[in-house]
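Please look through the structure shown here, with attention to how its side chains meet.

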Amino acid sequence: MKFQAIEHSLRKHQTRRKIPKIASVVALTILLSVISIYSPSTQFNTKKASKLPSEFDSAEEPVKPTASSGVLLEACRNEHDGSEPCNRRESEVEDRKVTKEDEEEPPSLKGEEVEVSKSAEIEAHGSQEEEYCNLFSGEWVPNPEAPYYTNSCYGIQEHQNCMKYGRPDIEFLKWRWKPDGCELPIFDPHQFLELVRGKSIAFVGDSVARNHLQSLMCLLSRVLYPREISNSTDENRQWEYQGYNFRMSIFWAPYLVRSVEITGPQDRTRSFSLYLDEFDENWTTKIEEYDYVIINAGHWFFRPTMFYEKGNLVGCQYCPRENVTRLTTYFSYQRAFRTAFRAINSLQNFKGVIFLRTFAPSHFENGTWDSGGNCPRTRPYKRNEAVLEGYNLELYKIQLEELRIAQEEGRKRGLRLRLFDATKAMLLRPDGHPSVYGHLPDQKLELPRDCVHWCLPGPIDSWNDVLLELLRREESDKPVT
């Protein structure tokens, strides 16, 4: 906080005269004598610091995440398309250790983090920062009009179709994201299709990227269903919205860097080798032609992995091999994002916009994904009921820092790298996951509860409210409020 010095006049003390013991003289002396008032030469007027759009305020009684950021003693059990840290820890020193200060001090008070987030936020706006409100600081407010499509949308995968599999409550559908400084319009499919007419958008990342794309597809289905123009049998697919010449694609890249699955016949953990300094050409050679690219990565980094740099094995996570350095998720996460941004900044002909959509926290309670954890809540948290901490905070910080570094490099070539901060909003939505409602009831004992992905319809439909506003900002020099 800045302290403003306010000058006050300092009156000089007047010495008292010796007073004769005569009543009249005493009275006259009292009238004529001035009892001086001492004022200090400076006073401090403490002004409230403007709140930077970094992270959530601390809560008096924060809801603690149940998963830990520790390193496992042994490989985790099989998971469902991405997971959390398992419930067993190793006492090794971590590459990036979460300190007691990280856990107790509200992130919004940490100067370093605020500065990183502020820089990224300016880039996210694409113009003078003061022109736009911060889309990423706010709260969830009731929205009785939602949802805007039904679970009959053909783009919904079975494990996200919560209503089909018997979720009894619907209140989790009746909320919208409200930024602090403005009203965020509800997604309008007509406006979106006109805005992207003749353009293209690509989603790059893991199953949460696919989750996001499916939400967008379902929201647009109120106007038009796309025609698939890819013949792919894998996760890489492409659609066209006829009449708008708009193309939408997804590129499967859960690690963003080159990876090779090394799962053996008896290995149910799906282990991978990560080449942390090598581009994943599955997407890096294909995005140059796109107008907008949204990248994300997160939950897959908790799998058993072997780490390579310059072709050499430098460490591993959750691996049973001896004489290999044990490293953490933070090690691979930071290097993977740095390599991904290096790939983007090396593109010679890319003229589009890159959005980094930040990590969306999961909400396992009373255990981790592999030890009976669940996400049974039916309402959002209020902003003072949850704190970003532990491994969620560490992954978020890594993403912001790597984006800042990439923006500095990309700015030299006129590249536009923007922030799409999903972390803070989704921290408050423990109610939006499929949990046990992503499969038939008789499968409940066979499959873990899903507190990673999001029900459709559901909370991530608001991501497309934000996306439409971000695209408007890129297409216009003036704010849209």
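A salt bridge is counted here where a side-chain nitrogen of Lys or Arg lies within 4 Å of a carboxyl oxygen of Asp or Glu. The model is a predicted one, in which local features need pLDDT of at least 70 and side-chain atom pairs count only at pLDDT 80 or more, whereas totals for chains, interfaces and linings use all residues. Residues are numbered from 1 along each chain as its sequence is written, and side-chain values use heavy atoms, with hydrogens and water left out.

Side chains of opposite charge can pair when their charged atoms come close. The structure holds 27 salt bridges, and one of them joins Lys 397 to Glu 394, with the closest N and O atoms 3.2 Å apart. These two residues are three apart in helix H8, and are therefore separated by about one helical turn; helices (H or I, at least four residues) and strands (E, at least two) are DSSP runs, numbered from the N terminus. Lys 397 is buried at a relative accessible area of 18%, and Glu 394 is buried at 2%, where buried means under 20% relative accessible area, exposed over 50% and partly exposed in between (1.4 Å probe, protein chains only).

Arg 338 is partly exposed, at 40% relative accessibility, whereas Glu 402 is buried, at 4%. A further salt bridge, at 2.5 Å from N to O, is formed by Arg 377 and Glu 365, both of which lie in the loop between strand S14 (353-357) and H8, so that the pair ties together parts twelve residues apart in sequence.

Turning to the rings, those of Phe, Tyr and Trp (its six-membered ring) pair if their centres lie within 6.5 Å, and planes under 30 degrees apart count as stacked, over 60 as edge-to-face and the rest as tilted. By this rule there are 18 aromatic pairs. In one of them, the centres of Phe 272 and Trp 300 are 5.7 Å apart and the planes stand at 70°, so the pair is edge-to-face. Phe 272 belongs to strand S10 (residues 272-279) and Trp 300 to the loop between strand S11 (292-295) and strand S12 (305-309), 28 residues apart. Both residues are buried, and they belong to one aromatic cluster, whose members include Trp 252, Tyr 255 and Phe 341.

Strand S10 also contains Glu 278, which is partly exposed at a relative accessible area of 26%. Leaving aside neighbours within four places in sequence, Glu 278 is in contact (heavy atoms within 4.5 Å) with Val 257, Arg 258 and Thr 339. The C-alpha atoms of Glu 278 and Val 257 are separated by 6.0 Å, although the two residues are 21 apart along the chain.

Finally, 14 of the 15 residues of helix H10 are buried, so this helix is largely enclosed by the rest of the structure.
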